[in-house]
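Here are my notes on the model, as numbered points. Please read them with the structure open.

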Amino acid sequence: MQITKVIILLSALYMNAMAWTAYGAVADDIARYFPEQQITQLTVLDKQIPALTLASRHPLSRGVAIVLVDAESQSLNLDGGLILADTLTEKGWHCLLIPVERPAVTPSDTPDVPPKPIDNTTSMTPDYDSFYTSILGLTNAAYGYAQQHRGYTFVIAEGMTSAVLIDAFQRGALDMPDTLVSLGAFWPEHDKNQQLIDWLAQSSYPVLDLNMPMLSQWQLSTADARQTAAKVSLKRHYRQRQLFPTVGLGNAGASLPNPTGAWLGQEIYSWLRYLGW
């Protein structure tokens, strides 16, 4: 039993170290590969977080898209964020790409359960409160940047990041965005994951809810319920779309990751046009 506890504790330390390394890699890439004039430093909890700014390439500026990128994501990582930003800047949106650190994990109270990937089921418990505080600080700092530009401000986030944002908007801890693009929101704990259903249905801001079956069983388990709750509550401006792992390219049999391609940008742009922007 004692050995099992030690193994789980070491696993938690390893996962935290890997998350920090991945986060640091994104921040380093932004500082290393992009010109200084495209980098803005966001002050969050006495830390300086480098964020990448990409200006609108359209004569008519529509506002700011805040994109929270995750180095460990297969869809909304830095590369995927850059491809998405390429579509949005062409359509008149300034883009702010901000690296997000994954939540720290701690051993659960049931150490006999074998560890499983954090994106699905896990014997490691993500630290909700510290992650919530971190995302709150990042988003507030991003709002400060967005105030430099006229137009709308919206947020694009995935998975656990999207989940804590929805919670923060529900509590009134953050100003609501003009719209939220949520890529597979989930939290790997039953009660909080179920609360997301009502929080989205009760929200007063427009929501593009992207169901990503390949992301996590946690988000897949609430996908139908999220859509049903939005309909029953007569929520205005809610759309759910499903993103599949791959999209075929002709008869060659080749495929590309769907969410990381320009398809995601076009889906978001279609939503923004529906809103009249």
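1. Start with helices α3 and α4. This is a predicted model. In it, the axes of α3 and helix α4 (residues 159-171) come within 9 Å and cross at roughly 75°. The range for roughly perpendicular is 65 to 115 degrees, and α3 and α4 are therefore roughly perpendicular to each other. On the α3 side, the contact is made by Y128, F131, Y132, I135, L136, T139 and Y143. On the α4 side, the contributors are M160, T161, A163, V164, L165, D167, A168, F169 and R171. By class, the contact of α3 with α4 has twelve nonpolar residues, two polar and two charged.

2. T139 deserves a look of its own. This residue sits in helix α3 (residues 128-146). Is T139 buried or exposed? T139 has a relative accessible area of 1%, so it is buried. Leaving aside residues up to four places away in sequence, T139 touches L68, L165 and L174. L165 also belongs to the α4 side of the contact with α3.

3. Next, α2 and α8. Helix α2 spans residues 78-90 and helix α8 spans residues 262-274. Their axes come within 8 Å and cross at roughly 40°. That makes α2 oblique to α8. The crossing of these two helices is right-handed. From α2, the residues I83, L84, T87 and L88 take part. They meet A262, L264, G265, Q266, I268 and L272 in α8. Seven residues of this contact are nonpolar, three are polar and none is charged.

4. Then α5 and α7. The pair consists of helix α5 (residues 190-202) and helix α7 (residues 223-232). Their axes come within 8 Å, with a crossing of roughly 35°. The crossing of α5 and α7 is right-handed. I197, L200 and A201 of α5 make the contact with A225, R226, A229 and A230 of α7. The contact of α5 with α7 holds six nonpolar residues, no polar ones and one charged residue.

5. I156 links several of these parts. This residue lies in strand β7 (residues 152-158). Its relative accessibility is 0%, so I156 counts as buried. Which residues does I156 touch, not counting residues up to four places away in sequence? They are I66, V67, L68, L76, L84, L88, V181, L183 and I268. L84 and L88 are in α2, and I268 is in α8. I156 and S182 are 26 residues apart in sequence, yet 6.1 Å apart in space, C-alpha to C-alpha.

6. With a relative accessible area of 52%, T43 is exposed. The cut-off for exposed is over 50%. T43 touches Q48 and A141, not counting residues up to four places away in sequence. T43 and A142 are 99 residues apart in sequence and 9.5 Å apart in space, C-alpha to C-alpha.

7. Two loop residues call for a check of the backbone. D46 has a phi near 70°, a positive value in a residue other than glycine. D46 is in the loop between β1 (39-44) and β2 (47-54). At 79% relative accessibility, D46 counts as exposed. H237 has a positive phi too, of about 55°, although it is not a glycine. H237 is found in the loop between α7 and β10 (238-242). Its relative accessibility is 28%, so H237 counts as partly exposed.

8. Last, the whole chain. How many helices and strands are there in the protein? There are eight helices and twelve strands. Of the 277 residues in the protein, 51% are buried. Among contacts with a separation of 6 or more, 74% are accounted for by residues 24 or more positions apart. The protein exposes about 13200 Å², and carbon and sulfur atoms supply 53% of that area.

Conventions
Residues are numbered from 1 along each chain as its sequence is written. This is a predicted model: local features need pLDDT of at least 70, side-chain atom pairs count only at pLDDT 80 or more; totals for chains, interfaces and linings use all residues. Side-chain values use heavy atoms; hydrogens and water are left out. Axes are lines fitted to C-alpha atoms, for helices over the stretch in contact, and angles run from 0 to 180 degrees between N-to-C directions. Helices (H or I, at least four residues) and strands (E, at least two) are DSSP runs, numbered from the N terminus. Angles under 35 degrees count as roughly parallel, over 145 as roughly antiparallel, 65 to 115 as roughly perpendicular and the rest as oblique. A crossing is left-handed if the near helix is turned anticlockwise from the far one by less than a right angle, and right-handed if clockwise. Contact means heavy atoms within 4.5 Å. Ala, Val, Leu, Ile, Met, Phe, Trp, Tyr, Cys and Pro count as nonpolar, Asp, Glu, Lys and Arg as charged, and the others, Gly among them, as polar. Buried means under 20% relative accessible area, exposed over 50%, partly exposed in between (1.4 Å probe, protein chains only). Accessible areas come from the Shrake-Rupley method with a 1.4 Å probe; for residues, only the protein chains shown count as cover.
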